[in-house]
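Reader: Can you walk me through this one? Keep it quick.

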Amino acid sequence: MDPKINERTDDELVLLFKSGSSDAFEELVYRYKNSLYQYIMAMVQDEGAAGDLFQEVFISLFKHADKYEPRGKFKSWLFLTARNRVLNFFRDRDKLASLDQTDEEGNAFLHDTLPDGQPSLLEELAGRETEEEIRRASLELPARQREMLYLRQYMSFKEIAQLLDRPLGTVLADCHRAVKKMQRILAEEQPAAREVTL
C-alpha cells in the first residue's frame, strides 16, 4: 500500500485505480463517503435507498472509471452521478418531483448574491439550532432548495452551477431563498423558546 495515498489528488487516485490499485479506489470511497451519502440521504429521505444509491454510484465508478477523463473535476462527476441515480430512483417509484421548477411560491428571482468563502449555509443556521431541528426544517423545503443547501456543504456555487447546468445567478438565488425559508420555518417552530432565551 502506498503510504502517501491520502495525499494524492482525486484524479491521481482514479488513474491509479485504472492501473489496478484497489487502495486508490478505497481512498476515493473513504474521501467521499460522508458528503456523498449525506447528499443522497437529504434528497431521498430513506436510509435503505440512500445506502443502495451510494453503492450504485461507486459501483458505476468501479465499472466505468476508464471513461472518466482526469481534468480536476472528479467531485463534480461523482455528485452528478449521484444526482442522476437519485432522479432515476424517483422515476422508478413514479414520484419524480421536478427539481427544475421555478420558485414554488411565485417569488421573482432575487438579485442578491452570496459570496463563496463564507461559512456554509447550514453552518450559519447550526449556530442557533440543533442538527435535528435543521434536518426537520429542511424537509419542508422544496426538493430544489433542499438540494442547493446540501450541495453547498461540499461544493462552490460555481461547481453547483456547472453540475446542475444552471446559470450561476439562479443557483445563488436558489440558495438565498432556501436559507431565508429555513430561517422562517425555524422561527415559526420555536417562537416560545426564542422568547425565553432572548
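**Contacts, core and rings**

Author: This is a predicted model. The side chains of aspartate 10 and arginine 31 make a polar contact, at 2.8 Å.

Reader: Where is aspartate 10 found?

Author: Aspartate 10 is in helix H1, residues 10–18.

Reader: Is aspartate 10 buried or exposed?

Author: Aspartate 10 counts as buried, because its relative accessibility is 15% and the cut-off for buried is under 20%.

Reader: What is aspartate 10 in contact with, leaving aside neighbours within four places in sequence?

Author: Leu28, Arg31, Tyr32, Phe74 and Lys75.

Reader: New topic. How many residues are in the largest nonpolar core?

Author: The largest nonpolar core has 54 residues. Leu36, Ile40, Val44 and Phe79 have the most contacts inside it.

Reader: Which helices each supply at least two residues of this core?

Author: H1, H2 (22–44), H3 (47–64), H4 (74–92), H6 (131–139), H7 (143–152), H8 (157–164) and H9 (168–189).

Reader: And which gives the most to this core?

Author: H2, with 11 residues.

Reader: Back to Phe79. What is phenylalanine 79 in contact with, beyond neighbours within four places in sequence?

Author: Phenylalanine 79 is in contact with Tyr32, Ser35, Leu36, Tyr39, Leu151, Tyr154, Met155 and Leu163.

Reader: Now rings. How many aromatic pairs are found in the whole structure?

Author: The search finds 13 aromatic pairs. One of them joins phenylalanine 17 and phenylalanine 62. That pair is tilted, with 5.3 Å centre to centre and 45° between the planes.

Reader: Why does the pair of phenylalanine 17 and phenylalanine 62 tie together parts apart in sequence?

Author: Because phenylalanine 17 lies in helix H1 and phenylalanine 62 in helix H3, parts that are 45 residues apart in sequence.

Reader: Phenylalanine 17: buried or exposed?

Author: Phenylalanine 17 counts as buried, at 11% relative accessibility. Phenylalanine 62 counts as exposed, at 51%.

Reader: Give me another pair.

Author: Tyrosine 37 and phenylalanine 54 form an edge-to-face pair, 6.5 Å centre to centre, with 75° between the planes. Tyrosine 37 lies in H2 and phenylalanine 54 in H3, so this pair ties together parts 17 residues apart in sequence. Tyrosine 37 is partly exposed, at 28% relative accessible area. Phenylalanine 54 counts as buried, at 15% relative accessibility.

Reader: Which residues form one aromatic cluster?

Author: Phe17, Phe25, Tyr37, Phe54, Phe58 and Phe62.

Reader: Last one. What lies over the face of phenylalanine 157?

Author: Arginine 152, at 4.0 Å from the ring centre.

Technical notes:
Residues are numbered from 1 along each chain as its sequence is written. This is a predicted model: local features need pLDDT of at least 70, side-chain atom pairs count only at pLDDT 80 or more; totals for chains, interfaces and linings use all residues. Side-chain values use heavy atoms; hydrogens and water are left out. Helices (H or I, at least four residues) and strands (E, at least two) are DSSP runs, numbered from the N terminus. Buried means under 20% relative accessible area, exposed over 50%, partly exposed in between (1.4 Å probe, protein chains only). A polar contact is a pair of N or O atoms within 3.5 Å; within protein, one must be able to donate a hydrogen and the other to accept it, and residues adjacent in sequence count only if both atoms are side-chain atoms. Contact means heavy atoms within 4.5 Å. A nonpolar core is a set of buried Ala, Val, Leu, Ile, Met, Phe, Trp, Tyr and Cys residues joined through side-chain atoms within 4.5 Å. Rings of Phe, Tyr and Trp (its six-membered ring) pair if their centres lie within 6.5 Å; planes under 30 degrees apart count as stacked, over 60 as edge-to-face and the rest as tilted. A charge sits over a ring if NZ of Lys or CZ of Arg is within 6 Å of the ring centre and within 35 degrees of the ring normal.
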